[in-house]
Amino acid sequence: MDTSAFEINPQLIQVLRSASKVVAMTGAGISAESKIPTFRDAMTGLWSRFRPEELATPEAFARDPKLVWEWYRWRYELVAAAEPNPGHHALVEMEDMFAEFLLITQNVDSLHTRAGNKRVLELHGNLSRSKCSRDGQVVEQWPETDQVPPLCPRCGGLLRPDVVWFGESLPTGALEKAADAALHSEVFLSIGTSSVVEPAASLIYYAVNNGSTTVEINPNPTSQAGLVTHALQGPAGVVLPALVAAIKG
Ligand code: BV8
């Protein structure tokens, strides 16, 4: 991958050096360098015949709860074996560089919190948590069982991953908090997302309407590349550390 296809404009560094309200929004691309396939990557092996958009739905779970549960178990093992990469670590450094820094993520893989970020807003939940499919309450543990998916120890309902499926609403208040942060940001970084999934993909427009400096970091420019102040075409694991180094000077 050509990692030299980006130039960091000195104006961006100047703005970042004086900014206090910085929002970073990440998608699956920031975890690509941790060997976690992105959502749009072709899935491998057993799962190669499925499309994530088909499996990550209430309908798929209703139709075949075992298949969907096992898909998330496969992803959980991938995530558990993965390590945060330099892109994640750069965002931890950024959290300490700006007075009001918020990391909004579409990812469900915990890598930002494992890297050390404290101010993380998970728009789509987290696949390391399970919840009862009847009452939506998180279930921390349940008796060993051969039953797949396991049953809720309280009500006997099927357990499911605590993630937001297509067609489901985001966690209460998450979108409002994210939109408010974008609306009041001085800099909004959109990192490693194809900017397809809504309503996350529209958050950047709050920043644009506010006159914020907007930045896209992606090796493949998205439909929003023409909209942003700076489009940095490169992998997050290279661009973000370069950005942090440039701010430090
Ligand atoms: C909802 C959890 C209200 C599950 C996920 C308009 C308004 C509202 C809704 C809609 C709308 N239009 C359509 C909808 C419906 C739907 C939607 O957006 N559909 C899409 C397919 C068009 N949205 C919803 O259903 C949302 N709910 O709006 O509630 C509602 C309620 C009822 C009825 C209607 C509306 C819920 C969406 C949440 C879905 N859940 N995840 C799970 O993970 O299993 S989304 C899923 O996609 C992941 O979270 C993922 O993060 C996310 C977005 O994908 P990306 O992160 O962008 O990943 P992708 O693979 O696409 O791209 C990777 C990028 O990385 C690429 O650009 C690549 O170039 C780049 N990259 C690669 N390597 C690197 C890199 N970048 C940097 N560095 C690298 N090294």
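**Ligand contacts and helix packing**

Tutor: This is a predicted model. An oxygen atom of the ligand lies 2.7 Å from an N or O atom in the side chain of Asn 220.

Student: How much of the accessible area of the ligand does the protein cover?

Tutor: On its own, the ligand has 1500 Å² of accessible area. The share of this area that the protein covers is 76%.

Student: Which residue has a backbone N or O atom 2.6 Å from an oxygen atom of the ligand?

Tutor: The side chain of Tyr 72 places an N or O atom 2.6 Å from a ligand oxygen atom, but that is a side-chain atom. For a backbone N or O atom at 2.6 Å from an oxygen atom of the ligand, the residue is Gly 167.

Student: How many residues of the shell around the ligand are charged?

Tutor: The ligand is surrounded by 34 residues, with Arg 40, Tyr 72, Arg 75, Gly 167 and Ser 194 the closest. Of the shell, 16 residues are nonpolar and 13 are polar. The number of charged residues is 5.

Student: What is the relative orientation of helix H5 and helix H9?

Tutor: Helix H5 (residues 86-97) packs with helix H9 (residues 236-248), their axes being 7 Å apart at an angle of about 30 degrees. Because angles under 35 degrees count as such, H5 and H9 are roughly parallel.

Student: What is the handedness of the crossing of H7 and H8?

Tutor: The axes of helix H7 (residues 174-183) and helix H8 (residues 203-210) come within 7 Å and cross at roughly 30 degrees. H7 and H8 are therefore roughly parallel to each other. While H5 passes H9 in a left-handed crossing, the crossing of H7 and H8 is right-handed.

Student: Where is Pro 149 found?

Tutor: A cis peptide bond joins Val 148 to Pro 149, with omega about -10 degrees. Pro 149 belongs to the loop between strand S5 (138-139) and strand S6 (159-163).

Student: What is omega for the peptide bond from Glu 198 to Pro 199?

Tutor: Pro 199 lies in the loop between strand S7 (187-191) and H8. The bond from Glu 198 to Pro 199 is cis, and its omega is near 0 degrees.

Student: Which residue other than glycine has a positive phi near 65 degrees?

Tutor: The residue is found in the loop between strand S1 (21-26) and helix H2 (52-55). With phi near 65 degrees, a positive value, this residue other than glycine is Lys 35.

Conventions. Residues numbered from 1 in each chain as written. Predicted model: local features only at pLDDT ≥ 70, side-chain atom pairs only at ≥ 80, totals over all residues. Heavy atoms only, no water. Near = heavy atom within 4 Å. Polar contact = N/O pair within 3.5 Å; in protein donor to acceptor, adjacent residues only side chain to side chain. Areas by Shrake-Rupley, 256 points an atom, 1.4 Å probe, with all protein chains shown as cover. Nonpolar A, V, L, I, M, F, W, Y, C, P; charged D, E, K, R; others polar. Axes fitted to C-alpha atoms, helices over the stretch in contact; angles between N-to-C directions. Helix = DSSP H or I, 4+ residues; strand = E, 2+ residues; numbered from the N terminus. Parallel < 35°, antiparallel > 145°, perpendicular 65-115°, else oblique. Left-handed = near helix turned anticlockwise from the far one by under 90°.
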